[in-house]
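Trainee: I am new to this structure. Please take one part in close view, then lead me on from there.

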Amino acid sequence: MYKINSPLTITEDGIQLLKKAEKDNVETVWDRHKAQQPQCGFCDMGLSCRICIMGPCRVDPFGEGPQAGVCGADADIIVARNLCRMIAAGAASHSDHGRDLVEVLASVATNSAPGYTIREEGKLKLLAQEYGVETEGKEILAIAGELAQAMMEDYGMRKKQITLVKRAPEKRRKVWETVGITPRGIDRETSEMMHRTHMGVDNNWQSLLVQGLRNALSDGWGGSMIATEVSDILFGIPTPRPTMVNAGVLKDDHVNIVVHGHNPVVSEMISLACISPLLLELAKRKGAKGINLAGVCCTGNELLMRRGIAMAGNHLMTELILSTGAVDMMIVDYQCIMPSIGKVAACYHTKIISTSDKAKFPGMEHHEFHPENAQKKAMSIVEMAINNFPNRKEVFIPVKPQAAVGGFSVETIVKALGGTADPLIDAIKAGKIRGAVGIVGCNNPKIMHDYGHVTLTRRLIENDILVVDTGCVSVANAKAGFKVPSAIEMAGPGLKEICGSLGIPPVLHLGSCVDNVRILVLVSALANALGVDISDLPVAGSAPEWYSEKAVTIGVYCVASGITTHLGPMPPIAGSMNVVKLLTQGLEDVVGATFAVEPDPEKAALFLIRHIEKKRAGLGLDSRSL
Ligand code: BF8
Ligand code: SF4
């Protein structure tokens with residue numbers, strides 16, 4: 001299906017649209033990446049510091065130039081501080097996304113968020129119980145209000161530990177207690193991380209990194225987990241549903257609206273406006289057959305999981321799909337939105353709308369969404385998109401869409417297994433499924449677009465390893481055809497048998513990046529069922545093409561939760577062998593898992609297969625040698 005004939009992308013739509021962009025004189029992320037070469041070697045190794053203005057400073061990696069910054073910070077301190085600030089930024093991003101959802105939940109409770117509602121009363125009550133909110137004899141909205149307040153407390157400093165930490169297996173919680181990394185408050189850990197990395201505070205690279213682990217855990221078992229759970233309560237628990245992916249999901253005879261960003265608070269309202277009879281009628285009057293809503297990046301994943309909305313592309317496709325000339329409007333919220341988007345759109349008729357008070361971009365029209373006005377705003381914005389349809393010029397939709405199934409939540413996986421995780425555990429024990437790997441994260445122009453994801457996934461399923469994916473990986477894998485039931489033909493015999501009997505593909509789409517917490521919940525259930533720690537399970541994580549600070553935080557909370565994690569691109573830590581050794585070896589003794597860095601997905605697959613076989617042997621299960 002793919003021609004691996006381009007150094008930039010393995011995808012056919014990507015190849016065609018790169019040519020189109022070049023023809024239209026559109027500058028892309030790859031052009032800018034090229035223009036940045038050579039990128040700074042000090043920064044690449046984490047050896048530059050601009051935390052204070054006695055600097056900027058840098059440490060010479062060859063031992064000839066300065067070995068300390070003006071303040072005296074050496075390579076270990078500078079590298080650790082830089083990495084910790086990445087963790088803090090990633091944790092802040094996910095957790096702020098979670099906070100916005102909690103605010104919507106609070107507004108729903110007071111009837112001040114027209115259009116939003118409680119879609120999952122059962123899940124609301126379960127969460128309320130976890131938070132110690134009394135549910136007996138109470139109105140649903142009253143429970144929602146109290147739950148929102150209780151969640152807000154998780155963000156603060158009134159607790160010894162955040163609530164959802166209780167979901168982790170007991171053995172894991174003991175590890176966190178022993179190491180001293182049980183997260184206390186979501187904002188507290190990020191704030192303390194920023195404090196410790198200020199000039200003249202924590203200048204011990206080990207204790208900095210220990211706080212980095214706690215900060216990341218405050219995201220995984222806090223901010224991100226709240227984001228996912230409240231999204232399910234407000235918008236529905238995802239269930240498997242058919243969808244379409246790639247740039248071919250755009251329709252030349254429909255008004256095409258693309259949502260981009262992360263938070264479903266805006267995109268959900270847009271999706272409702274797109275099926276309004278009034279607006280559909282207007283679209284027809286303007287000469288369109290209908291309104292076609294598609295997604296890119298994680299807000300697209302959120303809609304795909306719950307509504308089956310089509311996905312036009314992942315991170316590196318966000319500029320290119322505008323080059324189709326078919327996008328009448330792109331609506332963005334926040335995170336991973338390149339500030340170049342407005343400039344690309346200006347080459348076409350595309351209108352770009354920013355919606356968040358905290359995310360403004362050059363060349364975009366700003367229409368701020370808040371819980372109380374979102375419903376009305378969504379209607380007026382979609383109307384603007386329809387009115388833009390007649391302004392279209394040349395349209396180039398290069399490929400036919402690829403079918404896929406998306407929307408696996410833990411709840412639906414357990415349901416597909418017949419109500420308990422036992423069939424999955426039996427299949428793992430019998431060796432039909434060797435283990436599972438969560439492949440997560442982004443695209444990065446340093447790596448051929450989607451090559452890392454697709455190659456790694458193919459090798460793992462061939463070796464009977466179940467793959468679950470989120471974020472931008474999920475689009476890459478869907479485009480590669482791994483997410484239709486017939487994809488079991490690409491799987492090894494054991495995985496093929498199990499997935500075939502359950503009627504599921506060998507690669508399961510678990511959602512957006514905050515939804516990586518669904519992986520934490522799933523592995524906790526497996527560990528509890530087997531009476532072991534997460535770090536004993538034949539599972540691993542991988543981010544073959546990661547780029548963002550959020551991905552660093554995800555990787556760190558996975559490792560701190562006991563999941564050994566592979567990274568494609570090297571994080572900026574090579575300037576300190578102490579930090580490298582701690583993250584790739586030393587953490588094994590601390591949290592029972594480590595990082596491994598390997599840009600080549602073929603070699604990464606071997607590493608992950610060996611890791612899984614080793615964990616199987618540790619559990620007394622049969623183990624293959626490679
Ligand atoms: O949160 S996978 S490029 S879109 S950071 Fe961004 Fe990376 Fe995509 Fe979603 Ni996640
Ligand atoms: Fe330089 Fe130290 Fe300031 Fe960093 S904190 S910029 S190393 S003086």
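**The nickel site**

Start with the nickel atom of ligand 1: a single donor comes to it from the protein, Cys513 (SG), 2.2 Å away. Donors here are N, O and S atoms within 2.8 Å of the metal (3.2 Å for Na, K and Ca); water is not among the atoms, so sites may look incomplete. Now place the cysteine. Cysteine 513 sits in the loop between strand 13 (507–511) and helix 20 (516–530). Helices (H or I, at least four residues) and strands (E, at least two) are DSSP runs, numbered from the N terminus.

A word on the basis. This is a predicted model, where local features need pLDDT of at least 70 and side-chain atom pairs count only at pLDDT 80 or more, while totals for chains, interfaces and linings use all residues. Residues are numbered from 1 along each chain as its sequence is written, chains are lettered from A and ligands numbered from 1 in the order in which they are written, and side-chain values use heavy atoms, with hydrogens and water left out.

Next, helix pairs. Two packed helices are described by the angle between their axes and the distance between the axes. Axes are lines fitted to C-alpha atoms, for helices over the stretch in contact, and angles run from 0 to 180 degrees between N-to-C directions.

Take helix 17 (residues 451–462) and helix 23 (residues 601–618). Their axes lie 9 Å apart, at an angle of about 40°. Helix 17 and helix 23 are therefore oblique to each other. Under 35 degrees counts as roughly parallel, over 145 as roughly antiparallel, 65 to 115 as roughly perpendicular, and the rest as oblique. The crossing of helix 17 and helix 23 is right-handed: the near helix is turned clockwise from the far one by less than a right angle, whereas anticlockwise is left-handed. Among the residues that meet are Tyr451 and Leu456 in helix 17, and Ala604 and Leu608 in helix 23. Contact means heavy atoms within 4.5 Å. This contact of helix 17 with helix 23 has eight nonpolar, two polar and two charged residues. Ala, Val, Leu, Ile, Met, Phe, Trp, Tyr, Cys and Pro count as nonpolar, Asp, Glu, Lys and Arg as charged, and the others, Gly among them, as polar.

Helix 9 (residues 205–235) and helix 12 (residues 297–307) pack at about 45°, axes 12 Å apart. That makes helix 9 oblique to helix 12. The crossing of helix 9 and helix 12 is right-handed. Thr228, Ser231, Asp232 and Phe235 of helix 9 touch Glu302, Arg306 and Arg307 of helix 12. The contact of helix 9 with helix 12 holds one nonpolar, two polar and four charged residues.

Last, the backbone. Most residues other than glycine have a negative phi, and most peptide bonds are trans. The bond from glutamine 37 to proline 38 is cis, with omega near -5°. Proline 38 is in the loop between helix 2 (29–35) and helix 3 (41–44). Glycine 55 to proline 56 is also a cis peptide bond, with omega near 10°. Asparagine 111 is not a glycine, yet has a positive phi of about 55°.
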